[in-house]
Amino acid sequence: MVHRVAVIGAGPCGLTSMKACLEEGMMPTCFESSDDIGGLWRFKEVSEPNRASIYRSLTINISKEMMSFSDFPVQADYPNYMHHSKIQNYFRMYAEHFKLLKHIRFQTLVKNVNQTPDFSRTGQWEVVTENKDGKEERHVFDAVICCSGHYSYPNLPLKEFPGIETFEGKYFHSWDYKGPEDMVGKKVVVIGIGNSGSDIAVESSRVAEQVYLSTRSGAWVIRQVSDNGLPVDIKYLTRFVHILSQLLPIRILNWLCETKLNAMYDHTMYALKPKHRFFNQIPVINDDLPLKILSGSVIIKPNVKEICGSSVVFEDGSTVENVDTIVFATGYNYDFPYLPSSSKYMSGHRLGLYKHVFPPNLEHPTLAVVGFIHAFAAIMTQAEMQARWVSRVFNGQVKLPSNQAMIKSVDKDTKDIEKNYIVSRLTPLHVDFVTYMDDLAGEIGVRPSLLWLFFTDYQMFKMVLWGPVTSYQYRLKGPGKWDGARRAISTTLNRVYQPLKTRQLETKEASVAGSLFKLSLTLMAGGAAVYYIHVRNPTTIPTLLANLRPQTFSAMVRRVAVVGAGSSGLACIKICVEEGLEPVCFESSDDIGGLWKFKESPEPERSSIYRSLVVNTSKEMMCYSDFPMPADYPNYMHNSQLLQYYRLYADHFDLLRYIHFQTTVKSVAQRPDFSLSGQWDIVTINKDGEEERNVFDAVMVCSGHYTHPSLPLSGFPGYETFSGRCFHSWEYKDADACRGKRVVVVGIGNSGGDIAVEISRSAKKTFLSTREGAWVIGRMSSNGLPLDMTAITRLNNMLTLLLPNTLVNWAAERALNYKYDHRLYGLKPKHRLMDRRPLINDDLPGRILQGALVMKTNLKGFKDSGVEFEDGRVEENIDAVVFCTGYNGTFPFLPSVLTDGPQRELTLYKTLFPPSLVRPTLAVMGLFQTKGPITPIVEMQARWAVKVFTGSSCLPPKEKMLEVIESERKRNMKSYPCPRTAALQVEYIPYLDFMAKEVGVRPNLLTLLLTDPVLWVRIFFGPCTPYQYRLTGPGQWAGARQSILTQWERLAQPFRTRAVPESRPSAISPWALVLGGTVAMAFVLSKTEITPVLSGAAQFLDRCKMFLKDSWLHQTKMIIFGYTV
């Protein structure tokens, strides 16, 4: 009879093992070599030999409901994906709740576990321990449970990497990694693409010069955030999915999963595709890796062949030079050095354990290993089930088979693992989560019976079948039954949603049918009004159209002043040179680039960006129209690479000689004879403070509108006494100053989203305050393609114009909410998606789901060291508030007569020309906002402006321009209540096409269809890239057609860093098998077929009909609407 049990290790496996022993009336004594519980999840700044070690930023990749112990749910307000500190806190609460700490001997190392001399009779074990003072003790126990884990002995296979001894940099195992601080500005190679390897590659890429991720065989990469924003394991670890996986052929399952994953990001294009199929190995879970590959921060490489000094040579022959750091994320060697060799049965390459728990070769089953498994699920729940089974075996309630039967079973498991999984000596532990849990639960007598629930508790049956397989299901009945299990199951989703409910949202939903009805009435009334006017007075409409006569300007323009040498200024210089003009560019700084020239400290009246800034438009969409970006550039570039592109552009077209650096424009004024000449007096100050006056025929203002930050502190009472720091995002450079602090970010624009996400990775807590919310989209579209390459097309533009706006909004919002439910995440705004520019951020939903970032309502005011939000909630001990509240678009050097808007802002015709000027010889470039890249529009503005300057294109009369301005302002104010903001909005393709028509370069789709159908297809169905406006007319470029035809090739080029295995064509179409299976299922479930067999079982048939109806409704709801909260 077992009474005293030794438990080795006080991590989660040890804690649940102690509890299971206590439940069965046994007395556990736990030996823990460290000074605290938690095991793997207890973070320490320095790794300790023979102990598990984790990095500072580690967040678990299993959601809280799937990892919680079966009778102790994780707190509802805890995030779904918890930081290791939260997990440690949960284990502490668990230990305290069940009074486990008194059974633990801390700082006590187990040196040996041996069978006692009378083991054949008693089954007892002698355990030798050593305390912190080095004193040895010997104990006799009736049974032993090993819970020391298998992440303590790092595998560092240096012999497999010839030349490692010559490496001039630093190399270490991921076991030693704590954070990326030592990788700032360095070249880093990470070897191994498991969860740790991908996490380290992603994190280090935020500070390193370049990160290379080397993989021998690739990996399937999945995200924590699944459909509708639910945790991926909550969505797919269900009994229904498990039943399907047992019924469908494995080839079909692999095809379905791989197709879904490749729809998110094509693993072949991203160089991630492995040699194995999806279900042959546990996938990598990482939300950020695909984006880092897309932006070029992480480059996927094949396996390392050799190392030569500071160079790393890969198996494809490519070489990376000047490598500073190599991180070996090469797994762990598992070992139990304190166990006798006689207790270790080797089955093939693995330690053979019956059901992964009991050595099959012992006379008495009094030794067990808990937690020595690997599955796509949390170790905690499986370890708990193992512990419950072990305790029942120890006290004799459950009998094991004979040794011969167990050995036979172990060997069979080994063969099955080798058949179904890609295994090595480091990964011999694979199990299928639901199958394994049900198997052990059957041994204990706690496996839930679906058939019994079907008849006795239909509501619970539905939750158990359709919902996630949480550990609570194994407390519904049998030994260890928990009265709270049913409630825990029924409230699972409530606890999933709870940490996301941090911002109150309006519950009123727009009625699609009602909106469509109103739109139909509006169209009918408008059409009737036009028809009535035309019939009563046929000359009215032609007269209105005739008023669009352009204003002419005949003065000869030669010298053009360009204010600013950013991306807009460079385009203006180049266009002026093309048209035979003489540009003179004044740049106040010492370099080109404008906004994109990063500086460590912000400089007054100049743009400022943060160190990590990556563009949110792809390279093919944002390049100049006759200068494609280099093919090997990443699709989404870091600010440093974009600046390099501008340097290439300036060098290629020899633009630098037109630029006067360190020369500030002090004033721009009309000359006395402006009404005749259209000329301007420009006063500049050079770096020595000397003033100079020049006369120019025209002026192109390219100084941007991100130079004067708007910091509305006076609108927030109490800021004067706030003890923390308040600053604008213009001052933000990186998150170093926010490490370990509580930070509030105010504003949910692109900068606010980026800064909040970055700060949340190192801050103690980050809150993102928003007045209205935002629709959030990622940079990646279907198949991992850049979003703008698939969204900004002429086909989509035509559909947007033809279809009702309500319908377009509904379809687009539904697609976004399928990725992550904006209401659930506290993001949903008051406006519809198409009414305003969305927030572009790939990481924000994941940070919200992990609880690192909390959504809040608008900031109301300050209270000493805290802040108050409009919903009345107060957050205390706030260290910093970052205001991402936009900029004031001011141009102090321009004459005040031009600022005649409602709020003294510039009034511009088509966001370009001041209508108040008698002579149109001044243009303000880039003063607009759009749902697309800026550079192509600015370039087209420059082409149009120069045509106007030279008289090749004419503007309408002043009255007509003012009428157009007011009309567009009123239209935009339906979405943007602020008049100043409304005046800046333009529609991307319509605005480009309007200017292109004025210039004479708008592509003629009908002509292309008839003369060049291949090109027409690319232009109409493909992305609206800038090259389209160089096909014909003034400034025609001979390379435009080829650039359009090869744009997808340049998109794919930066991904080609690793050869991927080719797909093998299937002999039988998976769709044919699915269709055949569906027909067979329909035949089997036909009432006419089963009625004779189940004659008299009316109740069963009724329940079946109810079940099939519920199943159909459930699946239909998932397909059409997704989950709703």
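**Notebook: helix packing, core and strands**

I began with a pair of helices in this predicted model, and noted that α19 and α28 cross in the right-handed sense. The axes of α19 (residues 567-578) and α28 come within 9 Å, and the crossing angle is roughly 35°. On the α19 side I listed Ser-568, Ala-571, Cys-572, Ile-575 and Cys-576 as the residues making the contact, and on the α28 side Val-938, Glu-939, Ala-942, Arg-943 and Val-946. Sorted by class, this contact of α19 with α28 holds seven nonpolar residues, one polar residue and two charged ones.

I then turned to the largest nonpolar core, which has 216 residues, and looked up the members that touch the most others: they are Phe-358, Trp-389, Phe-394, Met-700, Ile-759 and Phe-913. Helix α28 (residues 935-949) gives the most to this core, contributing nine residues. Another core, of 23 residues, lies apart from it, and I wrote down Ile-682, Val-699, Phe-893 and Leu-906 as being among its members.

Which residues is Met-700 in contact with, once its neighbours within four places in sequence are left aside? I found Val-560, Ala-561, Val-562, Val-563, Cys-572 and Cys-576 in the list, together with Ala-923, Met-925, Ala-942, Ala-945, Val-946 and Phe-949. Among these, Cys-572 and Cys-576 of α19 and Ala-942 and Val-946 of α28 also belong to the contact of the two helices.

From α1, the residues Pro-12, Cys-13, Thr-16, Ser-17, Ala-20 and Cys-21 meet Ile-379, Met-380, Ala-383, Glu-384, Ala-387, Arg-388 and Ser-391 of α10. I counted these by class as eight nonpolar, three polar and two charged residues.

Next I looked at strand β18 (residues 325-328), where Thr-325 and Val-327 point one way, Ile-326 and Phe-328 point the other way, and all are buried. Strand β9 (residues 170-173) pairs with β18 in the parallel sense over four bridges, and I noted Ile-326 as the bridge partner of Tyr-171. Strand β10 (residues 187-191) also pairs with β18 in the parallel sense over four bridges, with Phe-328 as the bridge partner of Ile-191.

I also traced an open sheet of three strands, which runs in the order β15-β16-β17 with antiparallel pairing. Because β15 (304-308) and β17 (319-320) stand at the edges with a single partner strand each, one side of each is left without a neighbour in the sheet. Between β15 and β16 (residues 311-314) I found four bridges in the antiparallel sense, one of them joining Val-304 to Phe-314.

Last, I checked two residues with positive phi. Asn-783, which is not a glycine, has a phi near 65°, and I located Asn-783 in the loop between β33 (776-777) and α24 (787-791). Is Asp-864, with its relative accessible area of 53%, buried or exposed? Asp-864 is exposed, because 53% lies over the 50% cut-off, whereas Asn-783, at 33% relative accessibility, counts as partly exposed. The phi of Asp-864 is about 55°, positive although the residue is not a glycine, and Asp-864 has its place in the loop between β36 (859-863) and β37 (866-869).

Notes
Residues are numbered from 1 along each chain as its sequence is written. This is a predicted model: local features need pLDDT of at least 70, side-chain atom pairs count only at pLDDT 80 or more; totals for chains, interfaces and linings use all residues. Side-chain values use heavy atoms; hydrogens and water are left out. A nonpolar core is a set of buried Ala, Val, Leu, Ile, Met, Phe, Trp, Tyr and Cys residues joined through side-chain atoms within 4.5 Å. Buried means under 20% relative accessible area, exposed over 50%, partly exposed in between (1.4 Å probe, protein chains only). Contact means heavy atoms within 4.5 Å. Two strands pair if DSSP finds at least two bridges between them. Axes are lines fitted to C-alpha atoms, for helices over the stretch in contact, and angles run from 0 to 180 degrees between N-to-C directions. A crossing is left-handed if the near helix is turned anticlockwise from the far one by less than a right angle, and right-handed if clockwise. Ala, Val, Leu, Ile, Met, Phe, Trp, Tyr, Cys and Pro count as nonpolar, Asp, Glu, Lys and Arg as charged, and the others, Gly among them, as polar.
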